[in-house]
Amino acid sequence: MMDLAKAVLAGDRRALARLLTAVENERDGVNTGLQILYPHTGHAWIIGLTGAPGTGKSSLVTELAKAYRAQGETVAILAVDPTSPFTGGAILGDRIRMRDLSGDKGVFIRSMATRGSLGGLARATRDVIRVLDAAGFDRVMVETVGAGQSEVDIVRAAYTTIVIEAPGLGDDVQAIKAGILEIADVLVVNKADRPGVDSTVRGLKTMLELGHPASREQMTSHHGQKMVVESSVAHNDGFWLPPVIRTVATEGEGIEELVAAIEAHRKYLSDAGRMHQLEQQHVEMELVDRVRDELVKQLFSVLPADTLRDVVNQVQSRSLDPQTAVNQLLAFQQVNVAK
Ligand SMILES: Nc1nc2c(ncn2[C@@H]2O[C@H](COP(=O)(O)OP(=O)(O)OP(=O)(O)O)[C@@H](O)[C@H]2O)c(=O)[nH]1
Ligand SMILES: [Mg+2]
């Protein structure tokens, strides 16, 4: 594992692929590798892209990758599918979509699907991102499909989060439901060549105005006049207003604006210690998640067989209330720790 990690640091792509497989499978000893790599992380700009199926995430990722390559930057792409235990059809489509990138040593593409729990996937995603970061890529782009908490958890590791919509999918309603608008640093309305773009853009802006503290601030500071926000450099007095950008990924339209918006957001974060704060939040969230997972795992490893089922039955039959049941379960852990 140590040799593998060192080879990754030296730029060995086969070692990278092998280490990523070990991380995904939570193989024994993988933490040794991660431990060696950790001090080498913190270089990559991590970009999360999320949105409903088929909105054009992979097409946009491909276009962004081309733009970054043209600037001389290296790119790693991670496609995470929280909805499927397989990386089947979508990935096959991606291969075709991303073929423009194939053969370029400055691009590394990897996909991951659900293994067991979503929590497990979120954890593995963070580790995979870290490995890619340590491997020296300038940009790590994480694409995740689905609608709900899972994608929110996965993009939590990103510095700049892009939420992608497309006209005519009824996505605005979906976006509210999933709460994904709240995590958007940049909004993209892709498929701007399709009818209904204007109303999708309008819908998003209305929601931003209603939901975003920055928008509220701006609206009141402009004598109650409605502000329309469509700028790549969208920050103002400490607040970041997510810009809404139209793209036609298949034609490469709007990509320059998107690249500029990502840079503007990066610059915003680098000002006034915001990046430091964001990383602190990320680390704290991650540690809390990991501690929780670890404690649950430990508890279940010391729980005698059938204990959980017995307690469930008691709660179900109303002879025990849930909190007392939890206390009883936790008692097993305390006994074990005391030993
Ligand atoms: N008309 C039009 N089609 C587009 C545009 N962008 C992507 N597409 C097409 O939309 C389809 C889905 O694009 P993808 O990039 O695979 O979308 P995705 O969001 O990655 O899809 P999943 O990963 O399956 O959720 C493909 O057939 C693309 O060619 C666009 O701007 N305009
Ligand atoms: Mg895709």
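**Reading the structure step by step**

Tutor: Let us begin with the shell around ligand 1, whose residues divide into 5 nonpolar, 8 polar and 5 charged. Please keep in mind that this is a predicted model.

Student: How many residues surround ligand 1, and which are the closest?

Tutor: There are 18 residues around ligand 1, and the closest are G56, K57, S58, S59 and A249.

Student: What does the secondary structure of the chain come to?

Tutor: The chain has 14 helices and 9 strands. Of its 339 residues, 36% count as buried. Contacts along the chain may also be sorted by separation in sequence. Among those between residues at least 6 apart, 73% join residues at least 24 apart.

Student: How should I read burial in a strand, for instance in strand 1?

Tutor: A residue is counted as buried if 20 or more other C-beta atoms lie within 10 Å of its own. In strand 1 (residues 45-51), 7 of the 7 residues are buried, so this strand is largely enclosed by the rest of the structure. The two faces can then be taken in turn. W45, I47, L49 and G51 lie on one side of strand 1, I46, G48 and T50 lie on the other, and all are buried.

Student: Which strands pair with strand 1, and in which sense, parallel or antiparallel?

Tutor: Strand 1 runs parallel to strand 4 (residues 139-145), and 7 bridges join the two. Within strand 4, V142 stands opposite G48. Strand 1 also pairs with strand 5 (residues 160-165) over 5 bridges, again in the parallel sense. There, G51 stands opposite I164 of strand 5.

Student: May we examine one residue closely? Why is V186 counted as buried?

Tutor: V186 is found in strand 6. This residue is buried because 24 other C-beta atoms lie within 10 Å, and the cut-off stated earlier is 20 or more. Leaving aside neighbours within four places in sequence, V186 is in contact with T160, I162, P242, P243, I245, A261, I262 and H265. One of these, I262, is 76 residues apart from V186 along the chain, yet their C-alpha atoms are separated by 7.4 Å.

Student: Finally, at what angle do helix 11 and helix 12 pack?

Tutor: Helix 11 (residues 255-270) and helix 12 (residues 274-302) pack at an angle of about 90 degrees, with their axes 5 Å apart. Angles of 65 to 115 degrees count as roughly perpendicular, and these two helices are therefore roughly perpendicular to each other. Y268, L269 and S270 of helix 11 make the contact with R274, M275 and L278 of helix 12. The residues of this contact divide into 4 nonpolar, 1 polar and 1 charged.

Methods. Residues are numbered from 1 along each chain as its sequence is written. Chains are lettered from A and ligands numbered from 1 in the order in which they are written. This is a predicted model: local features need pLDDT of at least 70, side-chain atom pairs count only at pLDDT 80 or more; totals for chains, interfaces and linings use all residues. A residue is near a molecule or strand if its C-beta atom, placed from the backbone, lies within 6 Å of it. Ala, Val, Leu, Ile, Met, Phe, Trp, Tyr, Cys and Pro count as nonpolar, Asp, Glu, Lys and Arg as charged, and the others, Gly among them, as polar. Axes are lines fitted to C-alpha atoms, for helices over the stretch in contact, and angles run from 0 to 180 degrees between N-to-C directions. Helices (H or I, at least four residues) and strands (E, at least two) are DSSP runs, numbered from the N terminus. Angles under 35 degrees count as roughly parallel, over 145 as roughly antiparallel, 65 to 115 as roughly perpendicular and the rest as oblique. Two residues are in contact if their C-beta atoms, placed from the backbone, lie within 7 Å. A residue is buried if 20 or more other C-beta atoms lie within 10 Å of its own, exposed if 12 or fewer, and partly exposed in between; C-beta atoms are placed from the backbone. Two strands pair if DSSP finds at least two bridges between them.
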